[in-house]
Amino acid sequence: MSQIRELAMDILVDIDKKKGLSHLVLGDTLRNYQYLEKKDRAFLTRICQGTIEYQIQLDYIINQFSKVKVNKCKPVIRAILRMSVYQFLYMDHVPDSAVCNEAVKLAKKRGFRNLTGFVNGVLRNIARNMDRIVYPDLEKEPVKALSVKYSMPEWLIRYWIRDYDLETVEKILASFLEVSPVTIRVQLSNGTKEDLADCLERERIRVCSGSFMPEALKISDFDHLDSISAFQEGKFQVQDESSMLVGRIADPKENMTVLDVCSAPGGKSLHIADLLHDTGKVIARDLTEYKTDLIIENKERLLSDNVEVQIADALELDESMIGKADIVIADLPCSGLGIIGKKHDIKYNITAEQIRELSKLQRKILEVVVNYLKPEGILMYSTCTVSKEENIDNVQWMKEHLGLEPVPFGTLMPVGLPIETARDGYIQLLPGIHPCDGFFIAKMKKIH
């Protein structure tokens, strides 16, 4: 297990120093060490993701017991302390003494022999006094208390409290820390939901139904996607149910032309292609070859022949597509605040200024892509965030500036997901309130 802890430390240091995205750095490491046993890969993933997920809380605890504050420590020492305290708190099957001993070994191995006493002293002090840690008082300091408890930057909590009540905000925060199965969409053109479930269960993968989408399943207890034969055979795509809703609400009809302007990795495009029953055309675009390669990889795996992949900048008008699309899918770059539970780095890297800039970018793209709609054509606007300035504010702006009006879609909503605003042409899904990612969807029609 020493090798796994060393790999975890390297990943955490790399993310700390280079500000790399944890899921990418971890993913690269797992690909490079595919020979690791399933339990070792799971242990590595748990330590890395958990340490990043709970970083604010871990730093708060370490700072109570260390004379040198976390942000003053060397990156290697900081990573060792954080991952060790995470193990104390959330990995009960690992003895505290083993955690301390392994931490000292790591510090020594990386040339910090002179700091082994410091590492040992801080960690053993924390281990002895876990029940004496003093946390902020929720009544006296609600924002700080929620920040430490759920490891969320204080400014983000204050930002959300402007739009949602404190109880709702706490439910959102709690949901980000919940471990949930992977949600997949059945590629119905390649087999039934029941057949797919049987295939997965034969590989000893745990399968259960989705929360509200009929084509959704949830899976767990598997090593990695490429090891699943049904994935290689194109029988499913990883996709959250909130994202699947876009295709359902768009309600495409056979032989329609659908343009997805920011498509990678292609989940919505490929879902709509499946809903078109191999008729019509779905044009899936994105900005770079790297991104379009992701779409092509999924298109070929799913055998989606009615999908055409193109490299294109959504900010640049393509005159050849003006007035050609029955449906435009505009799932635009956003702050990602609704998927923090899956991409933990977002909460540490996003700023209020970036959210404002993203809202401006979204409007610039919308000004361009609205031109691709046929008269009475449908624009599906979506984001994976819970920021009102990126969501409902943009709907109002589209009404005022782009000749679009909201289209009610209450009758298209799944039975298990009643949301009143669907009758007004939009829905805001909130993690912790709804059984899916945080997501916004608006359905707009071109009227002039």
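Tutor: Begin with accessibility: a residue is called buried under 20% relative accessible area, exposed over 50%, and partly exposed in between, with a 1.4 Å probe and protein chains only. Arg-162 has 57% relative accessibility, so it counts as exposed. The model is predicted: local features need pLDDT of at least 70, and side-chain atom pairs count only at pLDDT 80 or more, whereas totals for chains, interfaces and linings use all residues. Residues are numbered from 1 along each chain as its sequence is written, and side-chain values use heavy atoms, with hydrogens and water left out.

Student: What is a salt bridge, and how many does the count come to?

Tutor: The term stands for a side-chain nitrogen of Lys or Arg within 4 Å of a carboxyl oxygen of Asp or Glu. By this rule the count comes to 28 salt bridges. One of them joins the side chains of Glu-6 and Lys-109, at 2.7 Å from N to O. This pair links distant parts of the chain, with Glu-6 in helix α1 (residues 2–18) and Lys-109 in helix α6 (residues 96–109), 103 residues apart. Helices here are DSSP runs of H or I with at least four residues, strands are runs of E with at least two, and both are numbered from the N terminus.

Student: Is Glu-6 buried or exposed?

Tutor: Glu-6 has a relative accessible area of 15%, so it is buried. Lys-109, at 57% relative accessibility, counts as exposed.

Student: Which residue forms a salt bridge with Arg-110?

Tutor: Asp-10 does, and the closest N and O atoms are 2.8 Å apart. Here too the pair links distant parts of the chain: Arg-110 is in the loop between α6 and α7 (116–128), Asp-10 is in helix α1, and 100 residues separate them. Arg-110 counts as partly exposed at 31% relative accessibility, and Asp-10 is partly exposed with a relative accessible area of 31%. Glu-6, Asp-10, Lys-109 and Arg-110 are linked in a network of salt bridges.

Student: How should I read strand pairing?

Tutor: Two strands pair if DSSP finds at least two bridges between them. Strand β1 (residues 182–186) runs antiparallel to β3, and four bridges join them. Within that pairing, Thr-183 has Lys-218 in β3 as its bridge partner. Strand β2 (residues 206–209) also pairs with β3 in the antiparallel sense, over four bridges, and Ser-209 stands opposite Leu-217 in β3. Between β2 and β3 there are six residues, and the two strands form a hairpin.

Student: Why is strand β3 described as largely enclosed by the rest of the structure?

Tutor: Strand β3 covers residues 216–220, and four of its five residues are buried, so the rest of the structure largely encloses it.

Student: What about Arg-248?

Tutor: Arg-248 lies in helix α13 (residues 241–250) and counts as partly exposed, at 28% relative accessibility. The C-alpha atoms of Arg-248 and Leu-275 are separated by 8.5 Å, and the two residues are 27 residues apart along the chain.
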